[in-house]
Amino acid sequence: MKALQPTGRGDELVVLGDRAEPEPRPDEVVVEVEAFSVNRGEIFKLEAGTGWLPGKDVAGRVVRAAADGSGPREGARVVGHPPAAGWAERVAVRTDALAELPDAVSAQTAAALPLAGLTALRLLRTAGSVAGARVLLTGASGGVGHYFTELATAAGAQVTAVSRRGGRLAELGAQVVPDVASAEGAFDLVLESTGGANLPAALAKLVRRGTLIWFGQASRTPVTLDFFSFFDGPESGTIRHFHYADSDIPDGTDLATLVRLVASGRLHPEIGCSRDWTDTASVLSDLRDRRVRGNAVLTVSAEALAATAT
Ligand SMILES: NC(=O)c1ccc[n+]([C@@H]2O[C@H](COP(=O)([O-])OP(=O)(O)OC[C@H]3O[C@@H](n4cnc5c(N)ncnc54)[C@H](OP(=O)(O)O)[C@@H]3O)[C@@H](O)[C@H]2O)c1
C-alpha cells in the first residue's frame, strides 16, 4: 500500500512510498483511511529523525473487523486515534481508540477531531468547573484553541484568547488579544502552550492561588521563572503539567463524545487547511511556519496518487 514515509529531512519531512499492509492484533480493526489531520507535535517527532511513522488522527471505513469480536463491524465509518502510522492507505487501530461516525459527519470533519479535540476536552476536565471563571488561553489559533474556546464558553467561562488570527475565536465567544501583554487580567485559570517569555508573562496575570496548566511549548524556547515574581500576584499559585494521554477515560469514549457534539451542532471543527495527501509535506511546512489556522486535514485520494505517478 501507499503511505507517507519519514525522510529525516527538514525541507520535506515525508514522501509517499510503499509500506507493508498493517498486521492487526486481535483487539485492532484495519481502517481504510479517507482523511487524516496533522499536528505540531508530529512535526517535532518527524524532525527528530527517529524513523517514527507519523499519523495519529484518522477517519475512514473499517475494512477488517477485530479478531476478538470487539469494536465496529466491517464497513462501519469511524474516527480513530492510533499511536502512529495513520498517514497511509490503511492503518490498524485498537477498538477502544475508535468511535463510529453518523452519516452527518464527514471523514474530513472527523479527522480533525482526535488529538486536538481530545486535548481540549481533557484540558476542560482537568480545569474542573469553569462556570464564571476568567480563563487566559495562549497559542489559541490552532485546533486545540478553537475546540477549547467553544467548549469552555458553552460551560460558562470568560475566555481571553491570544491569537493573531482570532476572527473565528471571537465568533465562538472569546475576547481575542494579539499578545499576552494585551490580556486584561486577572485570570482564575491560565492555559499555556507556547513557552519562552509567554509563560511567565501569563503567570503574572493569574489571581492569587490561581492555576496555570502548562500543555505545550510551541515556541520551542524553554521557560525561565523567578520565584519572587509570584509575590506580585499569583502567590501560592499552582503550575500543573498536562499531557492529554494521561486519561482514565479511553480515547474511544471521549471521541464518541466529540462526535456527538459535532453531530448535534455544538462543536465545530475549524479546518483552516484542506488539501490532498500528496501535498502533506508542504502542509507540514505551512503548519510549522504558522500559516495554518485551526486544523489541517488531508484527503487520501487514489486519483491524486495516480496523477502523481504519470
Ligand atoms: N500536552 C498535550 O497533551 C498536548 C496535546 C496536543 C497539543 N499540544 C500542544 O498544544 C499547542 C496547541 O496545539 P495545536 O494543535 O492547536 O497547535 P497549532 O495548530 O500548531 O497552534 C500553535 C499555536 O501556538 C502559537 N505559536 C506557534 N509558534 C509560536 C511561537 N514561536 N511563539 C508564540 N506562539 C507560537 C500559534 O500562534 P500564531 O497564530 O501566532 O502562529 C498557535 O496559536 C501546541 O503547542 C501543541 O504542541 C499539547
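**Figure 1. Helix α1 and the lining of the largest pocket.** The helix α1 gives five residues to the lining of the largest pocket, and this is the largest share of that lining. The model shown here, as in every view that follows, is a predicted one. The space in the largest pocket comes to about 1400 Å³, and 47 residues line this pocket. Those that lie nearest its centre are Arg 40, Ser 193, Gly 216, Gln 217 and Ala 218. At least two lining residues are supplied by each of α1 (40–47), α3 (114–127), α4 (143–154), α8 (280–288) and β15 (295–299). By kind, the lining of the largest pocket is made up of 19 nonpolar residues, 19 polar residues and nine charged residues.

Figure 2. Glu 47 and Arg 220 meet through their side chains in a salt bridge, with a distance of 2.7 Å from N to O. This pair links distant parts of the chain, since Glu 47 belongs to helix α1 while Arg 220 is found in the loop between β12 and β13, 173 residues apart. Glu 47 counts as partly exposed because its relative accessibility is 28%, a value that falls between the limits of 20% and 50%. Arg 220, at 42% relative accessibility, is likewise counted as partly exposed.

Figure 3. The side chains of Arg 288 and Asp 289 form a salt bridge in which N and O are 4.0 Å apart. Arg 288 has a relative accessible area of 24% and is therefore partly exposed, and Asp 289, with a relative accessibility of 40%, is also counted as partly exposed. Through salt bridges that share partners, Arg 288 and Asp 289 are joined with Glu 47, Arg 220, Arg 275, Asp 279, Asp 286 and Arg 291 into one network. In the structure as a whole there are 23 salt bridges.

**Figure 4. The salt bridge of Arg 25 and Asp 27.** Arg 25 and Asp 27 form a salt bridge whose closest N and O atoms are 3.7 Å apart. Asp 27 is partly exposed, as its relative accessible area is 25%, and Arg 25 is counted as partly exposed at a relative accessibility of 45%.

**Figure 5. A nonpolar patch of phenylalanines on the surface.** Phe 227, Phe 228 and Phe 231 form a nonpolar patch on the surface, and together they have about 390 Å² of accessible area. One of these residues, Phe 231, is placed in the loop between β12 (206–214) and β13 (238–241). With a relative accessible area of 47%, Phe 231 is partly exposed.

Figure 6. Most residues other than glycine have a negative phi, and most peptide bonds are trans. Ala 85, although it is not a glycine, has a positive phi of about 70°. This residue, Ala 85, lies in the loop between β5 (77–80) and β6 (90–94), and it counts as buried because its relative accessibility is 19%, where the limit for buried is under 20%. Arg 209, which is not a glycine either, has a positive phi of about 65°. Arg 209 is placed in strand β12 and counts as exposed, with a relative accessibility of 58%. The peptide bond that runs from Gly 185 to Ala 186 is cis, and its omega is near 0°. Ala 186 is found in the loop between β10 (175–177) and β11 (187–192).

Figure 7. Gly 166 and Val 176 are ten residues apart along the chain, and their C-alpha atoms are separated by 6.0 Å. Gly 166 has its place in the loop between β9 (158–162) and α5 (167–171), and it is buried, with a relative accessible area of 11%. For the second pair, Pro 6 and His 81, the separation in sequence is 75 residues, and the distance in space is 19 Å from C-alpha to C-alpha. Pro 6 is placed in strand β1 (residues 2–6), and its relative accessible area of 25% makes it partly exposed.

Note on methods. Residues are numbered from 1 along each chain as its sequence is written. This is a predicted model: local features need pLDDT of at least 70, side-chain atom pairs count only at pLDDT 80 or more; totals for chains, interfaces and linings use all residues. Side-chain values use heavy atoms; hydrogens and water are left out. Patches are made of residues with over 30% relative accessible area and no salt bridge: like charges are joined within 9 Å, nonpolar side chains (Val, Leu, Ile, Met, Phe, Trp, Tyr) within 5 Å. Accessible areas come from the Shrake-Rupley method with a 1.4 Å probe; for residues, only the protein chains shown count as cover. Helices (H or I, at least four residues) and strands (E, at least two) are DSSP runs, numbered from the N terminus. Buried means under 20% relative accessible area, exposed over 50%, partly exposed in between (1.4 Å probe, protein chains only). On a 1 Å grid over the protein atoms alone, a cavity is a set of points where a 1.4 Å probe fits but cannot get out, and a pocket is an open set with protein on both sides within 12 Å along at least five of seven lines; lining residues have an atom within 4 Å of a point. Grid points are joined across faces, edges and corners, and a volume is the space filled by probe spheres set on the points. Ala, Val, Leu, Ile, Met, Phe, Trp, Tyr, Cys and Pro count as nonpolar, Asp, Glu, Lys and Arg as charged, and the others, Gly among them, as polar.
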